[in-house]
Amino acid sequence: MRFLAIFVLLAALSAHGGGRIEKRLAAAGYIDVQQAVPGLMVELMYARPDNFTGIVLYDSTERAFLHPDAARALSRAGRLLAKEAPGLRLLVKDAARPVSVQRKMFNAVRGTPKARYVANPARGGGVHNFGLAVDITLCDSLGNELSMGTPVDHLGYESNITAEQTLLKRGIITAQELTLRRLLRSVMTRAGFKTIRSEWWHFELVRRADARQRYKLIDF
């Protein structure tokens, strides 16, 4: 409870800065991930046009938020990484995502093969829309993103975590990239997050059905 009280206060105090979405998330009690995890980096991929949708979805690249439960788990992951690989840092590419952003994302890919990768907001959305999922990778001590075999949000077979041994044998990913994927997966799952098969970078605290039953949708 002390963790929650401290970071809700910090989020409220800092809500005056950043973009409109950031202010609303902070005011609603979601936790700034950089306040939860010392040394963590943020570079929101959907605040730039060079993402798989081809459009800008956020009004700021600077801050990412999670539900306090997920922020607490991410804090554990950060401590594990600091202990096991002191020279590396976590780099968040996306986290809590309001339904309004989910709607823009889905509309951008509607009717294309990419649509199967995006939860339909009209059907309740996905775990990001509850602040319980994070898209995350690793960077070095200076914040330089490390190669993991594919960019974050690469939609294809090369991102599939169950195919990694085959990808390694075929030379699609290197041994170092596989080691880094496994390191990321290890600290995140031991911290309480779950994986999904098709995206090595995506981790969620609970599955979608559980999120819908136990948590509030970020409906703005």
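Reader: Before anything else, what is pLDDT?
Author: pLDDT is the predictor's confidence in each residue, from 0 to 100. This is a predicted model, where local features need pLDDT of at least 70, side-chain atom pairs count only at pLDDT 80 or more, and totals for chains, interfaces and linings use all residues. Residues are numbered from 1 along each chain as its sequence is written, and side-chain values use heavy atoms, with hydrogens and water left out.

Reader: What's the mean pLDDT of the protein chain?
Author: The mean is 92. Of the chain's residues, 91% reach 70 or more.

Reader: Where is the pLDDT below 50?
Author: Over residues 3-17. Beyond near neighbours in sequence, that stretch has 25 contacts in the model (contact: heavy atoms within 4.5 Å). Where pLDDT is low, the predicted coordinates should not be read in detail.

Reader: Switching to His67. Where does it lie?
Author: In the loop between β3 (65-66) and α4 (68-84). Helices (H or I, at least four residues) and strands (E, at least two) are DSSP runs, numbered from the N terminus.

Reader: Is His67 buried or exposed?
Author: Buried, because its relative accessible area is 17%. Buried means under 20% relative accessible area, exposed over 50%, partly exposed in between (1.4 Å probe, protein chains only).

Reader: Which residues is His67 in contact with, leaving aside neighbours within four places in sequence?
Author: Tyr30, Phe130, Gly131, Leu132 and Tyr215.

Reader: And what lies 3.0 Å from a polar atom of the His67 side chain?
Author: The backbone nitrogen of Asp69.

Reader: How many bridges join β4 to β5?
Author: Six, and the two strands run antiparallel. β4 covers residues 88-94. Arg89 has Cys139 of β5 as its bridge partner. Two strands pair if DSSP finds at least two bridges between them.

Reader: How do β5 and β7 pair?
Author: In the antiparallel sense, over three bridges. Asp135 is partnered by His202 in β7, and Ala133 stands opposite Glu204.

Reader: Why is β7 largely enclosed?
Author: Because six of its six residues are buried. β7 spans residues 199-204.

Reader: What joins β6 to β7?
Author: A hairpin, through two residues. Three bridges also join these antiparallel strands, with β6 at residues 194-196. Lys194 stands opposite Glu204 in β7.

Key
A polar contact is a pair of N or O atoms within 3.5 Å; within protein, one must be able to donate a hydrogen and the other to accept it, and residues adjacent in sequence count only if both atoms are side-chain atoms.
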